[in-house]
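Subject: Structure handover

Hello,

Here is the structure for you to take over. Please open it alongside these notes.

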Amino acid sequence: MERQDEPKSGKSPARRPRKTAKPYERPRGGPARPVADLVPQIGRAAFRRFGFVQSTVVTRWPEIVGPIHAKVCSPESIRFPPGEKSDGILQLVVLPAHATLIQHVIPEILERVNRFFGYKAVARVKMRQGAVKPPPAGDKRSAPPSLKPIPMDLGEGLRDIGDPELRAVLESLARSVANKEDDEK
């Protein structure tokens, strides 16, 4: 019996020339990005590995619980039930001499952490006694003020804002709006 694929003349079919594969080129990412933009992305993976959904819980711990409690305790991890982002367990490292004090203020810490997240992220707190790294000193360097003052019509509404970080961001936005208006003229 003859096969239907083979030609009847007894010759093998002509081979098709193979296409050469184009070497892979990494897509260009555009202009260079500052390292400060990349660091939060790199740190995010490490923080998530140890149970932190937001790295700001660690970096802003003194603001969340207050400077007195931040000196004697620090967050170690937040563990959530599988598939959820609420009702988690906050693991704290506490100085041994202050463990009983922190045990009495756990409801206050829970309230402050949940207020920081904006929802009931943490339901329980577990404590572990150990060494606590003191928070950084209070003399943080602030960004240098802009040489160009904020226009009076934009700056009046910013004086009533109590949060200094929000006020600084809004002032920066007001400056950039003023700069764009000057450039258009």
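Below are the notes on salt bridges, strands and the nonpolar core.

The model is predicted, so local features need pLDDT of at least 70 and side-chain atom pairs count only at pLDDT 80 or more, while totals for chains, interfaces and linings use all residues. Residues are numbered from 1 along each chain as its sequence is written, and side-chain values use heavy atoms, with hydrogens and water left out.

Salt bridges

A salt bridge here is a side-chain nitrogen of Lys or Arg within 4 Å of a carboxyl oxygen of Asp or Glu. The count is five. Three of them follow, with exposure given as relative accessible area (buried under 20%, exposed over 50%, partly exposed in between; 1.4 Å probe, protein chains only). Helices (H or I, at least four residues) and strands (E, at least two) are DSSP runs, numbered from the N terminus.

- Arginine 128 meets glutamate 76 at 2.7 Å, N to O. This pair links distant parts of the chain: arginine 128 is in strand S3 (residues 122–129), glutamate 76 in strand S1 (residues 73–79), 52 residues apart. Arginine 128 is partly exposed at 37%. Glutamate 76 is partly exposed at 30%.
- Arginine 112 meets glutamate 108 at 2.7 Å, N to O. Both sit in helix H6 (residues 106–117), four residues apart, about one turn of the helix. Arginine 112 is partly exposed at 25%, and so is glutamate 108 at 31%.
- Glutamate 63 meets arginine 60 at 3.0 Å, N to O. Glutamate 63 is exposed at 51%. Arginine 60 is partly exposed at 28%.

Strands

S1 is mostly covered, with five of its seven residues buried. S1 pairs with strand S2 (residues 88–94) in the antiparallel sense, over six bridges. Pairing requires at least two DSSP bridges between the strands. Serine 74 stands opposite valine 93 in S2.

Nonpolar core

A nonpolar core is a set of buried Ala, Val, Leu, Ile, Met, Phe, Trp, Tyr and Cys residues joined through side-chain atoms within 4.5 Å. The largest has 23 residues; those touching the most other members are Trp61, Leu90, Leu92, Ile102, Ile109, Val113 and Val122. At least two residues each come from helix H3 (61–65), helix H4 (67–72), S1, S2, helix H5 (99–104), H6 and S3. H6 gives the largest share, five residues.

Take a look at leucine 90. Leaving aside neighbours within four places in sequence, its contacts include Trp61, Ile109, Val113 and Val122. Contact means heavy atoms within 4.5 Å.

Best wishes
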